[in-house]
Amino acid sequence: MPSATSPLPGAAFLQCTATDEIFDSEQLIGLSPAGKPLFARYDLVALRDRFTPGALVGRAPTLWRYEEVLPVRDRAFRVTLGEGFTPLVDSPRLARRFGVRRLWVKDEGQNPTGSFKDRGLCMAVSRAFELGARELAIPSAGNAAGSSAAYGAAAGLPVHVVVPEDTPLPILAEIRALGADLALLDGLISDCGRVVRQRCDEDGWWDLSTLKEPYRVEGKKTMGYELFEQLGGRLPDAIVYPTGGGTGLIGMWKAFGEMEELGWIGSARPRMFSVQSTGCAPMVRAWEEGREEAGTWEDAVTYAAGLRVPGAVGDFLILRAIRESEGGAVAVPDAEMEEWVETMGADTGIFAAPEGGATAAAVPRLMEMGLIGANDEVVLFNTGSGLKYVGMEPVGRSDQ
Ligand SMILES: *Cc1c(COP(=O)(O)O)cnc(C)c1O
């Protein structure tokens, strides 16, 4: 597939996030030999003169506008459905309700399949396609499977998805309609992950699991670049992020580091806040106990499918970003997520996923803890559309 224009720089190399060991980026590679996530590293010094905020003006409103710091080299391998560059919705009534200076909702529900999983999967599928993968597989709590099915279909590559049997019905309907091979499992995403791993080893499928290949985080990091652009060249004081595997939080933290190296920003950073469900809160527990790794949460239950992640391979990266940014982590019950979906909806016009509702539910708590103040500018991440959860019941609802 020849491309009309010159190839993009792509990543210079891959680096282990735990040992700093360096690897060739022109191969299909999952975790590092240490069993930790790999990060793509770019020659940012060489990009300083030409990859400037001014150079972005007039580019198409998708995440591919940041192509110089993305891994795909040949544009012909871009698999795109119009993902990214979602609206940053100014929400004055929600800001007044909380008593903060200013508040925006980054509405990731407006991505092609209705969740921000599209960012990561468009990148992982594109790069795997470029590097020669021919069959893809993913364990998922739901939305990542929908995104994989969509981008696999767009690329013309077969996709195998393994999801818990209680995955929201709209997501199952989507996976089927997009032609993916769907397996339902009586278990959690971690159990689905074991099944996928085995088939990848036996049948040569390429594993798209969170942070077990280097490129989903590259797609997700574009949220950090977008915040900077959409706020007119600055970053907010606080970012409230519903955390499962943590790719988005880790990705934005990586983006801020890159932006500093590119000379776009200084050393100041937004405070990063992780929100989880009281039914599955490994990061909150680890943060409260001052630990650097989170371990596994037993008996994870929450209707916020994206937060039902009992153990995350990038736990130490999430906790590091929270700590270094002087942020924090807080858990909210499902019933409150549901209430805040409605309050947020009535205040903003956005029908949020429960994960988005969770970020709003977290704000009063974070203010009470003194971690967010009246003078702060705050961004909440609504990571998906409420439409994908229609028919799901919050766990432990008070009227049941
Ligand atoms: C996957 C998911 C999350 C969690 O995202 P991570 O980056 O894996 O922490 C949050 N919300 C929704 C809607 C999701 O699908």
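Student: Let's start with α3 and α7: is their crossing left-handed or right-handed?
Tutor: First, this is a predicted model, where local features need pLDDT of at least 70, side-chain atom pairs count only at pLDDT 80 or more, and totals for chains, interfaces and linings use all residues. Residues are numbered from 1 along each chain as its sequence is written, and side-chain values use heavy atoms, with hydrogens and water left out. A crossing is left-handed if the near helix is turned anticlockwise from the far one by less than a right angle, and right-handed if clockwise. For α3 and α7, the crossing is right-handed.

Student: At what angle do α3 and α7 pack?
Tutor: Helices (H or I, at least four residues) and strands (E, at least two) are DSSP runs, numbered from the N terminus. Axes are lines fitted to C-alpha atoms, for helices over the stretch in contact, and angles run from 0 to 180 degrees between N-to-C directions. The axes of α3 (residues 117-130) and α7 (residues 216-230) are 6 Å apart, and the angle is about 130°.

Student: What word describes how α3 and α7 lie to each other?
Tutor: Angles under 35 degrees count as roughly parallel, over 145 as roughly antiparallel, 65 to 115 as roughly perpendicular and the rest as oblique. Since α3 and α7 pack at about 130°, they are therefore oblique.

Student: How many charged residues are in the contact of α3 with α7?
Tutor: Contact means heavy atoms within 4.5 Å, and the residues making this one include K117 and R119 of α3 and E218 and K220 of α7. For the classes, Ala, Val, Leu, Ile, Met, Phe, Trp, Tyr, Cys and Pro count as nonpolar, Asp, Glu, Lys and Arg as charged, and the others, Gly among them, as polar. Here there are 4 nonpolar and 3 polar residues, and the number of charged ones is 6.

Student: Over to α8 and α10: which residue of α10 in their contact is charged?
Tutor: The axes of α8 (residues 247-261) and α10 (residues 315-324) come within 9 Å and cross at roughly 55°, which makes the pair oblique. This crossing is left-handed. L249, I250 and W253 of α8 meet L317, I318, A321 and E324 of α10.

Student: How many of the 13 residues of α4 are buried?
Tutor: Buried means under 20% relative accessible area, exposed over 50%, partly exposed in between (1.4 Å probe, protein chains only). The buried residues of α4 include N143, Y151 and A155, and among the elements covering them are α3, β6, β7, α5 and α7. The helix is mostly covered, and its buried count is 11.

Student: How far does α4 reach from its first C-alpha to its last?
Tutor: The expected span of a helix is 1.5 Å times one less than its number of residues. For α4 (residues 143-155), the reach is close to that expectation, at 18 Å.

Student: Is E67 buried or exposed?
Tutor: E67 is in the loop between α1 and β4. Leaving aside neighbours within four places in sequence, E67 is in contact with L8, R59, R75 and R78. With a relative accessible area of 12%, E67 is buried.

Student: And is D299 buried or exposed?
Tutor: D299 sits in the loop between α9 and α10, and its phi is near 55°, a positive value in a residue other than glycine. Because its relative accessible area is 68%, D299 is exposed.
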